[in-house]
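Please work through the exercises below with the sequence and the structure open beside you. Try each task before you read its solution.

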Amino acid sequence: MNKKIKLAICSQVLFFVFLISTSQFSVAMDPSWEEGVFYPFNYVFIVRNHQHDLKNDILYEFEIENKDEFIFNITYIDNSSQWFHAYTFDSYGTSSMWFNYNVDDYADNVLTISNLFDVEYEWDFEHNQTVLTDFDFCFNPLYFIDPNWTTYNSRLADVFNGSEIVATVVDPFEPITHNFTLNDTLSLTSDYSIMGQNDLALAKEQFTANNVNWTFYFDFSNVIKDNVFNTSLGFDSYVLYETYTIELGYDYSPGGILDQFRYNFLYEITKNDIYSHLEVVEEANTGRFPTVEIPGLTYLLAIPAIFTTVLVVKFIKKRKM
Amino acid sequence: MNRKFKIFMLNILVVLVLIFTNFSQTDAATRSWYAGDLFLFSYSNYSYANTTNTDFVVSDILEVSVKEEGTYNITRVDLSDNTYASIFTGAAGSGPNLLNYFGWEEFTSYRLNLNNFFTIAYDWDYGHNRTVLTYFNFGLIENWPFIEPQWDRINLFMSEMFNESEIVDTVVDPFEPLIHNITFGDFMSSVESFSIMNKNTLAEAEQQFKNNTRKWTFEFDLSNVLMDSVYNFTSGYDVYYPYQSIVYNFEYEYTEGGILDRTFRTITMDITIENRLMEAHLEQKMVFGNFKSLEANYPYLLVLPVIFLVTLVIRKSKNNRRIK
């Protein structure tokens, strides 16, 4: 075969390879969610607050659990503007809403460092230093999104820019502003993990073109502090949180339907002789709640009943072995 | 054994029996709480509500539970006016040194009259031109943790409380010049069922309030009698829907010396209004002791669900073995 033909064939092959590669690299599939289909989801929100007054030896517990089922009935999808219309049905009625499922629009509004991270520092007048007093990492995922995973992962990776400022504190004595970057804040943690990595650069490599699973974990135990007004000093003192962890993870189906989302926030602190334990759990899952027929007032005793069930299951497993 | 000795022993026996009998049948027991004492109680408020859209069978379940321990530090007891002062310490810290009544006379006059013990309300149902029961509740006595243990007097007042001819509510007829007076007897004859001291008639129930009774139990089933309402903009009046099931339970129990041992009130209900089904359970408890005392009082509740869950687990593991 002469060199010109070989070049021509090679170019054609390269062109086709480029086309195919672009398709795979972009992983821009058509959404798998459709008009005329009913998509059920379930949502859970739990707050558990336990306190122990150590001076008076008094206990207090507050718990709230909300479990909600709802259904999206997608009626119209506009592929050009990337908006869709759906009716949502829940126990309280029906709503009619339009939703934007474009990834760049979503990233502009939601996948930003200022929206995902909530970080605060304060000035500790007692020790004349800055202290970290608040940290959160959370956002609201879309239930249906354009499965443009290349763009989604790329925009999300951009968020984790270690040198970006996340909080500032004006020095009360010197004419300076203390700036805290994401790196500064993450370096304070006992442990953190983004996409299974303890390093931002390595973490960003995990946001690959076809990735549909994201995990985040931050442990600020014995780092982050709460303020207590000190009446003798006339300003706030700061107390360490013994435990302070945040965990967030979510998955989409490759076709752009939210599969599951979970957020867990936990802290423990002893302040003014009161020990407090707070846990916040938020979950969203595709599908309805699993149904188990349980009569009457069983839910009153879910905790002891679950313990007993675990014991029974362990016993049965032992017998099987 | 000679006759004189037998008679002597019999007399001793009679005296002994009289002594012990009087002990257990103390009409006015000895108060067991004093100034300087500290008592721990636990409180629990629990609610469960399951709302279902019956068109799409989607549910929302909300459970809220608040539990709190609290201590009463009794600082003073005044027998001249039947008051005691105490400092309550709970999750919010210590309160002021508050004065409260503890006398049986104050308890019976404030609490043991029909219209303080029960709250019963009726409305006019324009849809059917009749009166309907729209509200019902019991009185709780959690503000009487300490009481003068005059059990005979308290039980006497309790037995006399259920006066069927006493009016519990009135409804002005919107069309006729008359007032509908609804008596306690009218209310009682309309309920699905009731149980007072485990008896289903007032006459039998009243006999259960004995001189030394310190535990009182009540259950009212107002299924299909108690109504909820939704305003109808077309008709211009409220439309009433019956609770398919609604049961109230109320119990309270004192120690012999006049310390509240436990009290609880529960309401379990379900109602369907248009395309919404709501099932709810509300529970308020106050018990003597720490948090563990809150669960200890309801062993029967533990047994049923545990058995059911265990059965589910065993059935599931048996099924799994068959598939393999």
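Two strands pair if DSSP finds at least two bridges between them, and helices (H or I, at least four residues) and strands (E, at least two) are DSSP runs, numbered from the N terminus. This is a predicted model, in which local features need pLDDT of at least 70 and side-chain atom pairs count only at pLDDT 80 or more, while totals for chains, interfaces and linings use all residues. Residues are numbered from 1 along each chain as its sequence is written, chains are lettered from A and ligands numbered from 1 in the order in which they are written, and side-chain values use heavy atoms, with hydrogens and water left out.

**Exercise 1. A hairpin in chain B**

Find in which sense β11(B) and β12(B) pair, and over how many bridges.

Solution. Begin with the two strands, β11 at residues 227-232 and β12 at residues 237-242 of chain B, which pair in the antiparallel sense over six bridges. Next, take one bridge as an example: B:Met227 has B:Pro242 in β12(B) as its bridge partner. Finally, look at the turn, where four residues lie between the strands of this hairpin and where B:Gly236 has a positive phi of about 85°.

**Exercise 2. A buried charge in a helix**

Work out which side chain of opposite charge is nearest to B:Glu106, and how far away that side chain is.

Solution. First place the residue: B:Glu106 lies in helix α2 of chain B, which covers residues 104-111. For the charges, Lys and Arg count as positive and Asp and Glu as negative, whereas His and the chain ends are not counted. A salt bridge is a side-chain nitrogen of Lys or Arg within 4 Å of a carboxyl oxygen of Asp or Glu. B:Glu106 is buried and has no salt bridge, since the nearest side chain of opposite charge, that of B:Arg31, is 12 Å away. Now turn to the surroundings, where contact means heavy atoms within 4.5 Å: beyond its neighbours within four places in sequence, B:Glu106 touches B:Asp81, B:Asn82, B:Tyr101, B:Arg111 and B:Trp144. As for the helix itself, its buried residues include B:Trp104, B:Phe107 and B:Thr108, and the buried residues of α2(B) pack against β4 (93-101), α3 (114-117), α4 (151-161) and β13 (245-254) of chain B.

**Exercise 3. Charges that do pair**

Identify which residue forms a salt bridge with A:Lys271, and where the two partners lie.

Solution. Side chains of opposite charge can pair when their charged atoms come close. The side chains of A:Lys271 and A:Asp226 form a salt bridge, at 2.7 Å from N to O. This pair links distant parts of the chain, 45 residues apart, with A:Lys271 in strand β14 (residues 258-271) and A:Asp226 in strand β11 (residues 225-230) of chain A. A:Lys271 counts as partly exposed because its relative accessibility is 25%, whereas A:Asp226, at 17%, counts as buried.

In chain B, B:Arg130 and B:Asp125 meet in a salt bridge at 3.1 Å, N to O. B:Arg130 is partly exposed, at 34% relative accessibility, while B:Asp125 is buried, with a relative accessible area of 2%. For another pair, B:Glu253 and B:Arg262, the N to O distance is 3.3 Å, and both of these residues are buried. To finish, A:Glu61, B:Lys67 and B:Glu295 are linked in a network of salt bridges, and the count over all chains comes to 12 salt bridges.

Methods:
Buried means under 20% relative accessible area, exposed over 50%, partly exposed in between (1.4 Å probe, protein chains only).
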